[in-house]
Amino acid sequence: MSSGYLLWLVRTGKARTRADLQQHTGLSRSTVQQRLKPLFDCGYLRSHGTEDSTGGRPSVLLEFTDDGVVLVADLDTADARLAVVDLDGRRLAEERIALEVATGPVPVLDALDARFRALLEQTGRPPGHVRGIGVGVPGPVEFETGTVRQPPIMPGWDGYPIADHLAGRWAVPVLVDNDANIMALGEHTQQYPESSPLVLVKVSAGIGSGLVFNGGLLRGVDGGAGDIGHIRLPGHDDAVCMCGSRGCLAAVASGGALARRLTERGVPTRSSRELAAHLAAGRPEAVELAREAGRLVGEVLTTVVCMVNPEVLVIAGDLADTHFVTGVREVIYQKALPRATRHLQVTSSSLGDLAGLHGAQAMVLDAAYAPAAVDERLAREGAS
(Lines give C-alpha, C1' and ligand atoms only; values in the text may rest on other atoms or scores of the structure.)
Protein backbone atom coordinates (compact mmCIF):
# COMPACT_ATOMS: atom_id res chain seq x y z
CA MET A 1 0.00 0.00 0.00
CA SER A 2 2.13 2.85 -1.33
CA SER A 3 1.80 6.61 -0.96
CA GLY A 4 0.36 6.72 -4.46
CA TYR A 5 -2.35 4.27 -3.49
CA LEU A 6 -3.28 6.35 -0.43
CA LEU A 7 -3.56 9.43 -2.66
CA TRP A 8 -5.81 7.48 -5.05
CA LEU A 9 -8.13 6.58 -2.16
CA VAL A 10 -8.41 10.25 -1.15
CA ARG A 11 -8.71 11.60 -4.71
CA THR A 12 -11.52 9.20 -5.62
CA GLY A 13 -13.45 9.90 -2.42
CA LYS A 14 -13.03 6.42 -0.99
CA ALA A 15 -11.21 7.82 2.07
CA ARG A 16 -11.55 11.21 3.73
CA THR A 17 -9.49 10.85 6.90
CA ARG A 18 -6.46 8.99 8.22
CA ALA A 19 -8.82 6.59 10.00
CA ASP A 20 -10.52 5.83 6.69
CA LEU A 21 -7.14 5.04 5.16
CA GLN A 22 -6.32 2.68 8.02
CA GLN A 23 -9.66 0.94 7.53
CA HIS A 24 -9.24 0.57 3.76
CA THR A 25 -5.63 -0.59 3.83
CA GLY A 26 -5.18 -2.35 7.15
CA LEU A 27 -2.04 -0.29 7.74
CA SER A 28 -1.14 0.96 11.20
CA ARG A 29 -1.61 4.61 12.11
CA SER A 30 2.15 5.25 12.11
CA THR A 31 2.59 3.63 8.67
CA VAL A 32 -0.26 5.67 7.21
CA GLN A 33 1.31 8.82 8.65
CA GLN A 34 4.71 7.87 7.21
CA ARG A 35 3.28 7.34 3.72
CA LEU A 36 1.20 10.50 3.81
CA LYS A 37 4.23 12.69 4.62
CA PRO A 38 5.71 12.82 1.07
CA LEU A 39 2.25 13.59 -0.31
CA PHE A 40 1.99 16.60 1.99
CA ASP A 41 5.60 17.61 1.34
CA CYS A 42 5.10 17.58 -2.44
CA GLY A 43 1.76 19.41 -2.27
CA TYR A 44 -0.54 16.56 -3.32
CA LEU A 45 -2.51 16.58 -0.06
CA ARG A 46 -3.58 19.13 2.51
CA SER A 47 -5.66 19.13 5.68
CA HIS A 48 -9.04 20.70 5.11
CA GLY A 49 -11.25 21.14 8.15
CA THR A 50 -12.59 18.39 10.38
CA GLU A 51 -15.24 15.73 10.14
CA ASP A 52 -18.49 16.22 12.04
CA SER A 53 -17.89 14.72 15.46
CA THR A 54 -20.12 12.00 16.89
CA GLY A 55 -18.24 12.07 20.15
CA GLY A 56 -14.54 12.28 20.86
CA ARG A 57 -11.93 14.18 18.93
CA PRO A 58 -13.06 15.05 15.37
CA SER A 59 -10.97 13.62 12.53
CA VAL A 60 -9.01 15.93 10.25
CA LEU A 61 -10.21 15.77 6.65
CA LEU A 62 -7.73 15.10 3.84
CA GLU A 63 -8.04 16.84 0.48
CA PHE A 64 -6.33 16.21 -2.83
CA THR A 65 -4.74 19.41 -4.05
CA ASP A 66 -2.65 20.38 -7.04
CA ASP A 67 -2.48 23.62 -9.01
CA GLY A 68 -1.96 21.70 -12.23
CA VAL A 69 -4.14 21.75 -15.34
CA VAL A 70 -5.02 19.35 -18.14
CA LEU A 71 -5.25 20.23 -21.84
CA VAL A 72 -8.12 18.49 -23.62
CA ALA A 73 -9.40 18.40 -27.19
CA ASP A 74 -12.29 16.65 -28.89
CA LEU A 75 -11.88 16.47 -32.68
CA ASP A 76 -14.78 15.97 -35.06
CA THR A 77 -14.60 15.84 -38.83
CA ALA A 78 -14.88 19.60 -39.41
CA ASP A 79 -14.17 21.25 -36.05
CA ALA A 80 -12.61 20.79 -32.65
CA ARG A 81 -13.44 21.84 -29.11
CA LEU A 82 -10.48 22.57 -26.83
CA ALA A 83 -10.14 23.54 -23.18
CA VAL A 84 -7.75 24.08 -20.31
CA VAL A 85 -9.26 22.30 -17.30
CA ASP A 86 -8.15 22.35 -13.68
CA LEU A 87 -8.01 19.16 -11.65
CA ASP A 88 -11.48 19.77 -10.21
CA GLY A 89 -12.93 19.78 -13.72
CA ARG A 90 -13.44 23.53 -14.06
CA ARG A 91 -12.87 24.81 -17.59
CA LEU A 92 -10.51 27.77 -17.22
CA ALA A 93 -10.44 28.57 -20.95
CA GLU A 94 -12.10 26.95 -23.93
CA GLU A 95 -12.94 27.47 -27.58
CA ARG A 96 -14.39 25.79 -30.61
CA ILE A 97 -12.49 26.15 -33.88
CA ALA A 98 -13.05 25.12 -37.48
CA LEU A 99 -10.60 22.31 -38.21
CA GLU A 100 -10.93 19.83 -41.06
CA VAL A 101 -9.58 16.47 -39.91
CA ALA A 102 -9.15 15.49 -43.58
CA THR A 103 -6.29 17.99 -43.96
CA GLY A 104 -4.06 15.42 -42.26
CA PRO A 105 -2.35 14.86 -38.93
CA VAL A 106 0.51 17.36 -39.07
CA PRO A 107 -1.49 20.53 -39.83
CA VAL A 108 -4.30 19.49 -37.46
CA LEU A 109 -1.99 18.64 -34.55
CA ASP A 110 0.11 21.76 -35.15
CA ALA A 111 -3.09 23.80 -34.96
CA LEU A 112 -4.06 22.04 -31.71
CA ASP A 113 -0.63 22.75 -30.26
CA ALA A 114 -0.86 26.44 -31.13
CA ARG A 115 -4.38 26.81 -29.72
CA PHE A 116 -3.43 24.93 -26.54
CA ARG A 117 -0.61 27.43 -25.95
CA ALA A 118 -2.91 30.39 -26.59
CA LEU A 119 -5.57 29.05 -24.21
CA LEU A 120 -2.99 28.28 -21.54
CA GLU A 121 -1.67 31.83 -21.81
CA GLN A 122 -5.23 33.11 -21.26
CA THR A 123 -5.34 31.30 -17.91
CA GLY A 124 -2.04 32.76 -16.73
CA ARG A 125 -0.70 29.28 -15.99
CA PRO A 126 2.85 28.36 -17.08
CA PRO A 127 3.51 25.26 -19.23
CA GLY A 128 5.02 23.61 -16.15
CA HIS A 129 1.54 23.39 -14.64
CA VAL A 130 0.31 21.08 -17.42
CA ARG A 131 -0.08 17.54 -16.05
CA GLY A 132 -1.19 15.84 -19.24
CA ILE A 133 -3.05 16.10 -22.54
CA GLY A 134 -6.14 14.18 -23.61
CA VAL A 135 -7.37 14.02 -27.21
CA GLY A 136 -10.43 12.38 -28.74
CA VAL A 137 -10.52 11.61 -32.48
CA PRO A 138 -13.26 10.29 -34.81
CA GLY A 139 -11.57 6.98 -35.58
CA PRO A 140 -10.31 3.71 -34.07
CA VAL A 141 -7.32 4.19 -31.76
CA GLU A 142 -4.61 1.85 -30.52
CA PHE A 143 -4.77 3.23 -27.01
CA GLU A 144 -1.40 1.98 -25.74
CA THR A 145 0.50 3.88 -28.45
CA GLY A 146 -1.89 6.77 -29.11
CA THR A 147 -2.03 5.82 -32.79
CA VAL A 148 -5.02 5.87 -35.15
CA ARG A 149 -5.59 2.61 -37.04
CA GLN A 150 -7.43 2.41 -40.38
CA PRO A 151 -9.81 5.33 -39.75
CA PRO A 152 -12.52 5.52 -42.45
CA ILE A 153 -13.16 9.27 -42.08
CA MET A 154 -9.60 10.43 -41.26
CA PRO A 155 -7.66 10.18 -44.53
CA GLY A 156 -3.89 10.25 -44.06
CA TRP A 157 -3.98 9.44 -40.33
CA ASP A 158 -3.54 5.66 -40.45
CA GLY A 159 -0.59 4.73 -38.23
CA TYR A 160 0.25 8.31 -37.30
CA PRO A 161 1.63 8.59 -33.72
CA ILE A 162 -0.59 11.37 -32.35
CA ALA A 163 0.57 10.92 -28.77
CA ASP A 164 4.26 11.08 -29.70
CA HIS A 165 3.68 14.19 -31.84
CA LEU A 166 2.24 16.17 -28.91
CA ALA A 167 4.34 14.60 -26.14
CA GLY A 168 7.49 15.68 -27.93
CA ARG A 169 6.39 19.30 -27.62
CA TRP A 170 4.95 19.28 -24.11
CA ALA A 171 6.96 16.60 -22.26
CA VAL A 172 3.83 15.38 -20.43
CA PRO A 173 1.73 12.22 -20.79
CA VAL A 174 -0.54 12.37 -23.86
CA LEU A 175 -3.54 10.04 -24.09
CA VAL A 176 -5.55 9.56 -27.28
CA ASP A 177 -8.83 7.69 -27.66
CA ASN A 178 -11.84 7.39 -29.91
CA ASP A 179 -14.29 10.28 -29.55
CA ALA A 180 -17.24 8.05 -28.61
CA ASN A 181 -15.12 6.44 -25.89
CA ILE A 182 -14.23 9.72 -24.21
CA MET A 183 -17.82 10.92 -24.50
CA ALA A 184 -19.01 7.75 -22.79
CA LEU A 185 -16.46 8.27 -20.03
CA GLY A 186 -17.54 11.89 -19.67
CA GLU A 187 -21.23 10.98 -19.33
CA HIS A 188 -20.34 8.29 -16.82
CA THR A 189 -18.13 10.44 -14.59
CA GLN A 190 -20.35 13.54 -14.69
CA GLN A 191 -23.90 12.19 -14.91
CA TYR A 192 -24.06 8.47 -14.16
CA PRO A 193 -21.16 7.58 -11.82
CA GLU A 194 -23.11 4.74 -10.20
CA SER A 195 -24.46 3.29 -13.45
CA SER A 196 -22.81 0.32 -15.11
CA PRO A 197 -22.75 -0.79 -17.82
CA LEU A 198 -23.22 2.45 -19.76
CA VAL A 199 -23.33 2.56 -23.56
CA LEU A 200 -23.03 5.80 -25.52
CA VAL A 201 -23.79 5.97 -29.24
CA LYS A 202 -22.55 8.99 -31.18
CA VAL A 203 -24.38 9.70 -34.43
CA SER A 204 -22.90 12.51 -36.51
CA ALA A 205 -20.94 12.23 -39.75
CA GLY A 206 -20.44 8.57 -38.79
CA ILE A 207 -21.67 6.23 -36.07
CA GLY A 208 -19.63 4.91 -33.15
CA SER A 209 -20.14 3.87 -29.56
CA GLY A 210 -18.32 3.74 -26.25
CA LEU A 211 -18.89 1.21 -23.46
CA VAL A 212 -18.14 1.81 -19.77
CA PHE A 213 -17.98 -1.20 -17.44
CA ASN A 214 -17.25 -0.87 -13.73
CA GLY A 215 -15.91 2.63 -14.17
CA GLY A 216 -13.54 1.83 -17.04
CA LEU A 217 -13.74 1.82 -20.83
CA LEU A 218 -14.00 -1.41 -22.78
CA ARG A 219 -11.66 -0.86 -25.71
CA GLY A 220 -11.18 -4.37 -27.04
CA VAL A 221 -7.93 -6.09 -27.94
CA ASP A 222 -7.26 -3.77 -30.91
CA GLY A 223 -9.21 -0.68 -29.83
CA GLY A 224 -12.20 -1.66 -31.96
CA ALA A 225 -14.81 -2.26 -29.25
CA GLY A 226 -18.00 -0.31 -29.95
CA ASP A 227 -17.36 0.21 -33.67
CA ILE A 228 -21.01 -0.48 -34.54
CA GLY A 229 -21.00 1.88 -37.52
CA HIS A 230 -19.45 -0.84 -39.65
CA ILE A 231 -21.88 -3.63 -38.84
CA ARG A 232 -23.42 -4.58 -42.18
CA LEU A 233 -27.17 -4.39 -42.70
CA PRO A 234 -28.89 -6.91 -44.99
CA GLY A 235 -30.66 -5.39 -47.97
CA HIS A 236 -28.48 -2.28 -48.19
CA ASP A 237 -25.70 -3.37 -50.53
CA ASP A 238 -26.27 -0.26 -52.63
CA ALA A 239 -24.85 1.91 -49.83
CA VAL A 240 -21.07 2.24 -50.16
CA CYS A 241 -19.28 3.08 -46.90
CA MET A 242 -16.15 5.21 -46.57
CA CYS A 243 -14.42 2.10 -45.20
CA GLY A 244 -14.85 0.48 -48.64
CA SER A 245 -17.54 -2.02 -47.65
CA ARG A 246 -21.20 -2.00 -48.62
CA GLY A 247 -24.23 -1.87 -46.37
CA CYS A 248 -22.49 -0.57 -43.23
CA LEU A 249 -24.77 1.00 -40.65
CA ALA A 250 -22.87 4.31 -40.98
CA ALA A 251 -23.36 4.31 -44.77
CA VAL A 252 -27.12 3.98 -44.30
CA ALA A 253 -28.09 5.69 -41.02
CA SER A 254 -25.40 8.22 -40.02
CA GLY A 255 -25.97 11.97 -40.16
CA GLY A 256 -23.66 12.17 -43.16
CA ALA A 257 -25.61 9.47 -45.02
CA LEU A 258 -28.95 11.12 -44.24
CA ALA A 259 -27.62 14.52 -45.39
CA ARG A 260 -26.75 12.98 -48.76
CA ARG A 261 -30.17 11.32 -49.06
CA LEU A 262 -31.94 14.54 -48.13
CA THR A 263 -29.95 16.38 -50.80
CA GLU A 264 -31.04 13.76 -53.35
CA ARG A 265 -34.65 14.53 -52.37
CA GLY A 266 -34.15 18.17 -53.31
CA VAL A 267 -33.24 19.63 -49.92
CA PRO A 268 -29.56 20.67 -50.11
CA THR A 269 -27.85 19.48 -46.91
CA ARG A 270 -24.06 19.53 -46.61
CA SER A 271 -23.55 17.88 -43.23
CA SER A 272 -25.15 16.12 -40.28
CA ARG A 273 -25.21 19.49 -38.50
CA GLU A 274 -27.32 21.00 -41.30
CA LEU A 275 -29.52 17.91 -41.12
CA ALA A 276 -30.04 18.59 -37.40
CA ALA A 277 -31.07 22.15 -38.26
CA HIS A 278 -33.70 20.82 -40.70
CA LEU A 279 -34.97 18.49 -37.98
CA ALA A 280 -35.18 21.34 -35.48
CA ALA A 281 -37.24 23.27 -38.03
CA GLY A 282 -39.59 20.29 -38.45
CA ARG A 283 -38.78 19.66 -42.12
CA PRO A 284 -40.99 16.61 -42.95
CA GLU A 285 -38.50 14.92 -45.29
CA ALA A 286 -35.76 15.18 -42.64
CA VAL A 287 -38.04 13.89 -39.88
CA GLU A 288 -38.99 10.86 -41.97
CA LEU A 289 -35.38 9.99 -42.75
CA ALA A 290 -34.21 10.48 -39.15
CA ARG A 291 -36.91 8.29 -37.69
CA GLU A 292 -36.22 5.56 -40.24
CA ALA A 293 -32.49 5.76 -39.47
CA GLY A 294 -33.21 5.58 -35.76
CA ARG A 295 -35.12 2.34 -36.30
CA LEU A 296 -32.18 0.85 -38.22
CA VAL A 297 -29.73 1.83 -35.48
CA GLY A 298 -32.24 0.47 -32.96
CA GLU A 299 -32.11 -2.92 -34.70
CA VAL A 300 -28.35 -3.08 -34.09
CA LEU A 301 -28.63 -1.70 -30.56
CA THR A 302 -31.24 -4.33 -29.69
CA THR A 303 -28.49 -6.91 -29.98
CA VAL A 304 -26.14 -4.73 -27.95
CA VAL A 305 -28.74 -4.29 -25.21
CA CYS A 306 -29.41 -8.02 -25.03
CA MET A 307 -25.69 -8.84 -24.89
CA VAL A 308 -24.50 -6.08 -22.57
CA ASN A 309 -27.66 -5.38 -20.51
CA PRO A 310 -26.70 -1.73 -19.88
CA GLU A 311 -28.32 0.44 -17.26
CA VAL A 312 -27.99 3.58 -19.41
CA LEU A 313 -27.95 4.01 -23.19
CA VAL A 314 -26.99 7.56 -24.20
CA ILE A 315 -27.55 8.91 -27.71
CA ALA A 316 -25.09 11.71 -28.52
CA GLY A 317 -23.92 13.68 -31.52
CA ASP A 318 -25.75 15.83 -34.06
CA LEU A 319 -28.88 13.63 -34.05
CA ALA A 320 -29.41 13.54 -30.29
CA ASP A 321 -32.65 15.25 -29.18
CA THR A 322 -34.29 14.59 -32.56
CA HIS A 323 -36.81 12.15 -34.04
CA PHE A 324 -33.86 9.80 -34.54
CA VAL A 325 -33.94 8.91 -30.82
CA THR A 326 -37.67 8.15 -31.05
CA GLY A 327 -36.94 5.58 -33.73
CA VAL A 328 -34.21 3.99 -31.62
CA ARG A 329 -36.51 3.68 -28.60
CA GLU A 330 -39.37 2.21 -30.63
CA VAL A 331 -37.33 -0.72 -31.86
CA ILE A 332 -35.35 -1.45 -28.69
CA TYR A 333 -38.37 -1.64 -26.40
CA GLN A 334 -40.30 -3.60 -29.01
CA LYS A 335 -37.64 -6.20 -29.89
CA ALA A 336 -35.22 -6.54 -26.98
CA LEU A 337 -35.89 -9.03 -24.23
CA PRO A 338 -38.05 -7.52 -21.46
CA ARG A 339 -35.42 -8.62 -18.94
CA ALA A 340 -32.77 -6.61 -20.82
CA THR A 341 -34.85 -3.41 -20.87
CA ARG A 342 -36.46 -3.66 -17.43
CA HIS A 343 -34.00 -1.19 -15.91
CA LEU A 344 -32.74 0.40 -19.11
CA GLN A 345 -32.74 4.19 -19.46
CA VAL A 346 -32.52 5.41 -23.07
CA THR A 347 -31.68 9.10 -23.07
CA SER A 348 -30.02 11.87 -25.07
CA SER A 349 -26.69 13.24 -23.93
CA SER A 350 -27.10 15.82 -21.18
CA LEU A 351 -23.55 17.15 -21.65
CA GLY A 352 -23.74 17.60 -25.42
CA ASP A 353 -20.47 18.79 -26.95
CA LEU A 354 -18.84 18.95 -23.52
CA ALA A 355 -19.02 15.20 -22.91
CA GLY A 356 -15.77 14.57 -24.75
CA LEU A 357 -13.88 17.24 -22.82
CA HIS A 358 -15.03 15.83 -19.49
CA GLY A 359 -14.08 12.33 -20.60
CA ALA A 360 -10.65 13.38 -21.84
CA GLN A 361 -9.93 15.09 -18.52
CA ALA A 362 -11.01 12.01 -16.55
CA MET A 363 -8.87 9.80 -18.79
CA VAL A 364 -5.76 11.95 -18.22
CA LEU A 365 -6.28 12.26 -14.45
CA ASP A 366 -6.73 8.51 -14.06
CA ALA A 367 -3.37 8.00 -15.77
CA ALA A 368 -1.44 10.95 -14.32
CA TYR A 369 -2.52 10.18 -10.75
CA ALA A 370 -2.53 6.40 -10.88
CA PRO A 371 -0.68 5.02 -7.83
CA ALA A 372 2.36 3.90 -9.82
CA ALA A 373 2.66 7.26 -11.59
CA VAL A 374 2.47 9.17 -8.31
CA ASP A 375 5.03 6.90 -6.65
CA GLU A 376 7.39 7.43 -9.56
CA ARG A 377 7.07 11.22 -9.31
CA LEU A 378 7.55 11.12 -5.55
CA ALA A 379 10.73 9.10 -6.02
CA ARG A 380 12.04 11.61 -8.58
CA GLU A 381 11.16 14.61 -6.45
CA GLY A 382 12.62 12.98 -3.37
CA ALA A 383 15.85 12.26 -5.22
CA SER A 384 16.06 15.83 -6.49
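Reader: Is C243 buried, partly exposed or exposed?

Author: The model is predicted, and the accessibility is computed from it. Buried would need under 20% relative accessible area and exposed over 50%. C243 has 36% relative accessibility, so it counts as partly exposed.

Reader: How far from C248 is the nearest cysteine sulfur, and how many disulfides does the count come to?

Author: C248 is buried, with a relative accessible area of 1%. Its nearest cysteine sulfur, that of C243, is 3.7 Å away. For C243 the nearest is that of C241, at 3.7 Å.

Reader: Which strands are at the edges of the open sheet of five strands?

Author: The pairing is mixed and the order is β12-β11-β10-β13-β14. Within that order, β10 and β13 run parallel, joined by five bridges, and L200 has V314 of β13 as its bridge partner. Helix α6 (residues 179-190) packs on the sheet, touching β10, β11, β12 and β13. The strands that pair on one side only are β12 (216-217) and β14.

Reader: Within what arc do the buried residues of α11 fall?

Author: Helix α11 covers residues 323-335 and reaches 19 Å from its first C-alpha to its last, close to the 18 Å expected. Its buried residues are F324, V325, G327, V328, V331 and I332. Their cover includes α10 (284-308), β13 (312-316) and β14 (345-348). Seen down the axis of α11, the buried residues line one face of the helix, because they fall within an arc of 160°.

Methods. Residues numbered from 1 in each chain as written. Predicted model: local features only at pLDDT ≥ 70, side-chain atom pairs only at ≥ 80, totals over all residues. Heavy atoms only, no water. Helix = DSSP H or I, 4+ residues; strand = E, 2+ residues; numbered from the N terminus. Expected span 1.5 Å × (residues − 1). Buried < 20%, exposed > 50% of the residue type's maximum accessible area, 1.4 Å probe, protein only. Arc of directions from axis to C-beta. Contact = heavy atoms within 4.5 Å. Disulfide = S-S within 2.5 Å. Pairing = 2+ DSSP bridges. Axes fitted to C-alpha atoms, helices over the stretch in contact; angles between N-to-C directions.
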